[in-house]
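Have the picture open while you read.

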Amino acid sequence: MPQTVLITGSSSGIGEATALLFHQRGWNVIATMRNPGERKTRLHEIDAIEKIHLDVLDTASMDAALEQALAKFSRIDVLVNNAGYGLVGPFEASTPEQIRRQFDTNLFGLMELTRRILPHFRENRHGTLINVASIGGRLTFPLYSLYHGTKWALEGFSESLQHELRPFGIRVKIIEPGPIKTDFYDRSMEIMRNDELTIYDEFVTRRMKNMTRSVTLGLQPRAVAKTIVRAASTRSWKLRYPVGSMGMLVMRRLLPDRLFNGIIRLAT
Ligand SMILES: NC(=O)c1ccc[n+]([C@@H]2O[C@H](COP(=O)([O-])OP(=O)(O)OC[C@H]3O[C@@H](n4cnc5c(N)ncnc54)[C@H](OP(=O)(O)O)[C@@H]3O)[C@@H](O)[C@H]2O)c1
């Protein structure tokens, strides 16, 4: 019998590529998105993929999506928490609303959905929770302080959670992509600006230019999708799955903080 996966943020990028790959591998796919009726994606050409409304800022939409998914397939085997965006700029330029929305979307929404699916996983004594974090949950770049805050928190949350869920047969996986060519750096990115705070302008211009250049070397979202499908299909209890940027992660592990962060300042 095919297994069933529910994915958040499936309207583009990593979520869309992941939904497509699970479908190609014979899984039942519930591709959730904020606006399934408005955004036409490649998934809309495939009737067998269920497109369901789910906004991670709206708990009622989570309840409705889970109800719809279970009515259709009666069981969910894997949840891929993928929805997220980047809030970028000098922290001093942020507003409380921006900070809250960044954490609500990348972290608290994910926690709400996770809490809702755990009883189902526990009942089945089976289930895999896949959280899309980032290489930015292991190391940091300038101007991403709030985004990193969400992803570092997601790493700690997931790492601890694995211990208490393991006795119930529930696996936790953290996916850690490096730069991936998606809408993340374009329509999904929110730039923090404060016209009265020009003191950061030169720093921001230089860093953003370097950052844009490094993204051109990024991988395609299908590379992340392959890793997610692998993490969903294995019986291993391995927690972390980096995708790309392995050199950076090795340096992070081997070098003292001062040296590593000096390199980051030079390279960005
Ligand atoms: N691209 C990278 O370099 C990279 C690297 C590391 C980690 N990541 C992570 O990968 C994940 C996916 O990003 P991506 O690169 O695929 O970018 P993307 O193409 O911009 O996709 C982001 C997805 O999140 C959805 N989303 C945003 N807010 C949402 C909300 N409130 N409720 C439901 N869905 C929401 C977007 O939906 P709409 O279409 O409605 O906006 C979109 O489907 C994110 O968690 C990101 O942090 C990306």
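## A look around the model

Threonine 140 is partly exposed, at 30% relative accessible area; "buried" is under 20%, "exposed" is over 50%, and "partly exposed" is in between, using a 1.4 Å probe and protein chains only. You'll find threonine 140 in the loop between β6 (127-132) and α4. Helices (H or I, at least four residues) and strands (E, at least two) are DSSP runs, numbered from the N terminus. The C-alpha atoms of threonine 140 and leucine 259 are separated by 13 Å, and these residues sit 119 residues apart along the chain.

Some ground rules: this is a predicted model, where local features need pLDDT of at least 70, side-chain atom pairs count only at pLDDT 80 or more, and totals for chains, interfaces and linings use all residues. Residues are numbered from 1 along each chain as its sequence is written, and side-chain values use heavy atoms, leaving out hydrogens and water.

Now for the ligand. How many residues surround the ligand? There are 30, and the closest are Ser11, Tyr147, Thr182, Tyr185 and Ser188; a residue is near if one of its heavy atoms lies within 4 Å. Sorted by class, this shell has 13 nonpolar, eleven polar and six charged residues. Nonpolar covers Ala, Val, Leu, Ile, Met, Phe, Trp, Tyr, Cys and Pro, charged covers Asp, Glu, Lys and Arg, and the others, Gly among them, are polar. Both α1 (13-24) and α4 (145-165) supply at least two residues each to the shell.

| Residue (backbone N or O) | Distance to a ligand oxygen |
|---|---|
| Glycine 13 | 3.5 Å |
| Asparagine 82 | 2.8 Å |
| Phenylalanine 184 | 3.4 Å |

Taken alone, the ligand exposes 900 Å², and the protein buries 97% of that; such areas come from the Shrake-Rupley method with a 1.4 Å probe.

On to the rings. Rings of Phe, Tyr and Trp (its six-membered ring) pair if their centres lie within 6.5 Å; planes under 30 degrees apart are stacked, over 60 edge-to-face, and the rest tilted. That rule gives five aromatic pairs. Phenylalanine 103 and phenylalanine 108 make a tilted one, 6.3 Å centre to centre with 35° between the planes. Phenylalanine 103 is buried at 19% relative accessibility, whereas phenylalanine 108 is partly exposed at 40%. Elsewhere, ring pairs link Tyr144, Tyr147, Phe184 and Tyr185 into a cluster.

How values were computed
Polar contact = N/O pair within 3.5 Å; in protein donor to acceptor, adjacent residues only side chain to side chain.
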